[in-house]
Every structure is written in structure tokens, then in C-alpha cells.
Amino acid sequence: MRLQRIGIGTLILLLIAGLAYKGYEEYMMTQKKEEAVPIVQNESVLGGLEVGQQAPDFTLNTLDEENLTLSEFQGQPVVINFWASWCPPCRDEFPELVSFEEATGIPVLGVNVTKNERRGKEDVEAFLDEYPVDFPILLDEEAAVEQQYRVVALPTTYVLDAKGIIVEKKTGPVDEAWLQQQIDDISE
């Protein structure tokens, strides 16, 4: 009986010692100062193709089931805008894209990331009933172009020069003034 009490007492002491050690270890971890992580202002960390790269060519269907290829616009600047109907910033910028395209005649290609739409093409059509546009709306139903351009956030806009080189990209909403400035910079 005495041997049993000594064994149980030893087990309890070992358990207490183990818990004390674990508690001390966790306490010491909280005392270590974490290094501050700098906030990066470089938008390239968000992913996507970079300024200066040739924009990859692609072919997508429009809402009217017609094929449209980026290279058809070779010889003129082009704006490619990746968007989705459920994206609030996309909704905010859409009138700006329409206004820019109407004012300048520079093609805007609205690439809808259709694979991310809840009801697919039906959501796109409902959105365009609310926000009618004259520029082509392309359906990226398999997310192939979204992946090709490595889009990680919506909206994302690429501005291409007449040779198809990316001269600017922006993650987040754009406005007409920003778009006009990019085109003015190309013209200089």
C-alpha cells in the first residue's frame, strides 16, 4: 500500500512539473518581441502580370456567344477590366469605365470572372440590366484568362499600349481621370 502511495505521489509530482514547464515555456514565448512586418506599398506583391510585359492574347465569348480576341485590338491602346457582379468596388467603377470609353473611344474589355458568379451568365445579364454598357463584356467561364493574368483581387484593370504591352495595372476600382492619365502618359 505504501509503495502505491509513493508511485501515485511521484506521478502527481511529475504531472505538476510537466505542466509547470509547459506554462513557463509558453510564458517565455509571449515575452519574445515579434519583429514588425513592414507594409509593402508595391502593388506587384498582389500578383498579376507586371508593367512592361506583353499582355497574353486570349479569346473569350461575349454575351452574344461571339468570339472576341484581344489581338484584334492590336495597333491601339486597350483597357482590360476584370470584374464580377457581386463585387461592390466593381459596381462603383462601372459608370467610370463607361464614361471613359464613351469619351475617348478607346476600347474597354470587361472580362467577367463568370466562374465566380453564383448563377453564371444569368448574374452577368442581371447586372448589365442595371449598368448597361456599349463595350464588350467577355465571359471567362473557366477562369482561364483570370489565371493567365494572375488576377488575385477584383476589380483589376490593365492598360495596354498599341503594341499590347502592359503600361499600367491597378488592383481596386479605377476612375475616368486615372484611365485618362494612363492614356495621356502613353501618348507622350
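Student: Taking contact to mean heavy atoms within 4.5 Å, what covers the buried residues of α2?

Tutor: In this predicted model, the cover over the buried residues of α2 includes the strands β3, β4, β5 and β6 together with the helices α3 and α5.

Student: Which are the buried residues of α2?

Tutor: They are Cys 90, Glu 93, Phe 94, Leu 97, Val 98, Phe 100 and Glu 101. As background, an α-helix has 3.6 residues a turn, so residues three or four places apart point the same way.

Student: How many residues does α2 have, and what does it reach from its first C-alpha to its last?

Tutor: Helix α2 has 17 residues and spans 25 Å between its first and last C-alpha, which is close to the 24 Å expected at 1.5 Å a residue.

Student: What follows α2?

Tutor: Gly 105 comes after the helix, and its phi is positive, near 75°.

Student: Back to the packing: which residues of the largest nonpolar core touch the most other members?

Tutor: That core has 43 residues, and those touching the most other members are Phe 58, Leu 70, Ile 80, Phe 82, Leu 109 and Tyr 149. Elements that each supply at least two residues of this core include α2 (88-104), β3 (78-83), β4 (108-112) and α5 (176-187).

Student: And what does Ile 80 touch?

Tutor: Leaving aside residues up to four places away in sequence, Ile 80 touches Phe 58, Leu 70, Leu 109, Val 111, Tyr 149, Thr 156, Thr 157, Tyr 158 and Leu 160. Of these, Phe 58, Leu 70, Leu 109 and Tyr 149 are also listed among the residues that touch the most other core members.

Student: Changing topic, which cysteines does a disulfide join?

Tutor: Cys 87 is joined to Cys 90, with 2.4 Å from S to S, and a search of the whole structure finds 1 disulfide. Both Cys 87 and Cys 90 are buried.

Student: Why is that disulfide right-handed?

Tutor: The torsion about the S-S bond of Cys 87 and Cys 90 is about 80°, so the disulfide is assigned as right-handed.

Student: Which peptide bond is cis?

Tutor: The bond from Leu 154 to Pro 155 is cis, with omega near -10°, and Pro 155 sits in the loop between α4 (144-148) and β6. For context, most residues other than glycine have a negative phi, and most peptide bonds are trans.

Student: Where is Arg 150, then?

Tutor: Arg 150 is also placed in the loop between α4 and β6, and its phi is positive, near 50°, although the residue is not a glycine. Because its relative accessibility is 43%, Arg 150 counts as partly exposed. Ala 143, in the loop between β5 and α4, has a positive phi of about 60°, but Ala 143 counts as buried because its relative accessibility is 5%.

Methods:
Residues numbered from 1 in each chain as written. Predicted model: local features only at pLDDT ≥ 70, side-chain atom pairs only at ≥ 80, totals over all residues. Heavy atoms only, no water. Core = buried A, V, L, I, M, F, W, Y, C linked by side-chain atoms within 4.5 Å. Buried < 20%, exposed > 50% of the residue type's maximum accessible area, 1.4 Å probe, protein only. Helix = DSSP H or I, 4+ residues; strand = E, 2+ residues; numbered from the N terminus. Contact = heavy atoms within 4.5 Å. Expected span 1.5 Å × (residues − 1). Disulfide = S-S within 2.5 Å.
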